[in-house]
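Where does this chain leave open space, and how is that space lined? Load the model and follow the pockets first, then the backbone.

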Amino acid sequence: MLPETIEWISDVPLLRLLDQRKIPFSVGFRECRTYRETADAIEDMTVRGAPAIGVAAAYGIVLAAREDITKIDDAFTRLSATRPTAVNLFWSLNRMRSVYEKSMGAHDICSILESEANRIREEDIDINRRIGRNGAGLLPDKATVITHCNAGALATAGYGTALGVFRTAREAGKELKIFADETRPRFQGGRLTAFELCEDGFDVTVICDSMAAFLMSREKIDAVITGADRIALNGDTANKIGTYGLAVAADRHNVPFYIAAPLSTIDFNCPNGTKIPIEERNCSEVRKIGSELIVHEAAKVWNPAFDVTPAGLITGIITEEGVFAPEEIKKLKKKP
Ligand code: MRU
């Protein structure tokens, strides 16, 4: 059984997060009682995955309001500074801010904010199921697929985006063989996707990231499906480092390459991928595996956490509103 990624316990109040840094070695939880603890948990990747980060941040705002509503601006500032690439974080904080501004001075402001955070969480699960329904039809009855990083229940409020497509396909009676890239340097594929899929009884095979192109040359792969952290207006898509290389390999082998993501991952203010801020994380993530040093101390290390897959390599973007070609993304912008 898959543990709950994010749990809100209102009467304390506290946010209980599955500690994803420890999976699969142990299944433990971290309790956040303040927005500061919530921000730390997002930053250190206790909770990760674009939609899950957005949901956690929304509850961080509720914790701030319950602690001291006069300091809520500090909470918006601190939470916004945690992870720069996942646009769902800013989308969610903007939603919380606009509810806050509309209800400023109301005696029940805390419960108004709490209802909004609950809505963001519930909507996310519903959206993922719709993404699943829109994506499942793209797969044949017997499908072999590759995914990268973790875009599952662990990365969302539940069900997942890319892994949600696999879940719906299986619910529809399709037979799936899933290859999960291990996803250096933090191993979200090897640790989290394999854990999530095994707990749910899927057929999953873990490969090193460097093996995907060779796998495509040897075995018929029906599709690659990954999640996204930010989609630009022209369809360029930021996702976990290694996604771009996987898309290049898929293109070379004529394998359809899909992104599964909610509309909240589209940044309508970002014209193209060169404008997407890319998080760079501590070099120790590359230098070490666990606590073991694997790189000579004198060697320099570069550690971008995300890359940008150009729109031209993306077959389709699976959203809750349907599957779109990258060039159709701009049409989804709502008129103000
Ligand atoms: O650094 P992470 O683990 O937060 O990166 C996660 C990803 O890149 C996911 O693919 C993305 O956030 C989509 S999750 C539905």
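This is a predicted model: local features need pLDDT of at least 70, side-chain atom pairs count only at pLDDT 80 or more; totals for chains, interfaces and linings use all residues.

Residues are numbered from 1 along each chain as its sequence is written, and side-chain values use heavy atoms, with hydrogens and water left out.

Start with the largest pocket. A pocket is an open set of points on a 1 Å grid over the protein atoms alone, where a 1.4 Å probe fits, with protein on both sides within 12 Å along at least five of seven lines. The volume, the space filled by probe spheres set on the points, is about 540 Å³ here. Lining residues have an atom within 4 Å of a point. There are 17 of them, and Trp-91, Leu-263, Ser-264, Ile-266 and Phe-268 are the closest to the pocket centre.

Domain 1 (6-128) and domain 2 (138-332) both contribute to this lining, so the largest pocket lies between them. The domain bounds come from an automatic or database domain assignment. Helices H4 (87-103) and H5 (109-136) each supply at least two lining residues. H4 gives the largest share, five residues. Helices (H or I, at least four residues) and strands (E, at least two) are DSSP runs, numbered from the N terminus.

How do H4 and H5 pack? Their axes, lines fitted to C-alpha atoms over the stretch in contact, are 10 Å apart, at an angle of about 150 degrees. The two helices are therefore roughly antiparallel, a label for angles over 145 degrees.

The second largest pocket holds about 310 Å³. Its lining includes Arg-21, Phe-25, Pro-185, Arg-186 and Lys-288. Helix H10 (284-287) and strand S11 (288-289) are the elements that give two or more residues to this lining.

Pro-185 also marks a backbone detail. The peptide bond from Arg-184 to Pro-185 is cis, with omega near 0 degrees. Pro-185 sits in the loop between strand S5 (175-181) and helix H7 (188-199).

Another cis peptide bond joins Val-12 and Pro-13, with omega about -5 degrees. Pro-13 is in the loop between strands S1 (6-9) and S2 (14-18).

Finally, look at Cys-149. This residue is not a glycine, yet its phi is positive, about 60 degrees. Cys-149 lies in the loop between strand S4 (142-147) and helix H6 (162-171).

Notes: Axes are lines fitted to C-alpha atoms, for helices over the stretch in contact, and angles run from 0 to 180 degrees between N-to-C directions. Angles under 35 degrees count as roughly parallel, over 145 as roughly antiparallel, 65 to 115 as roughly perpendicular and the rest as oblique.
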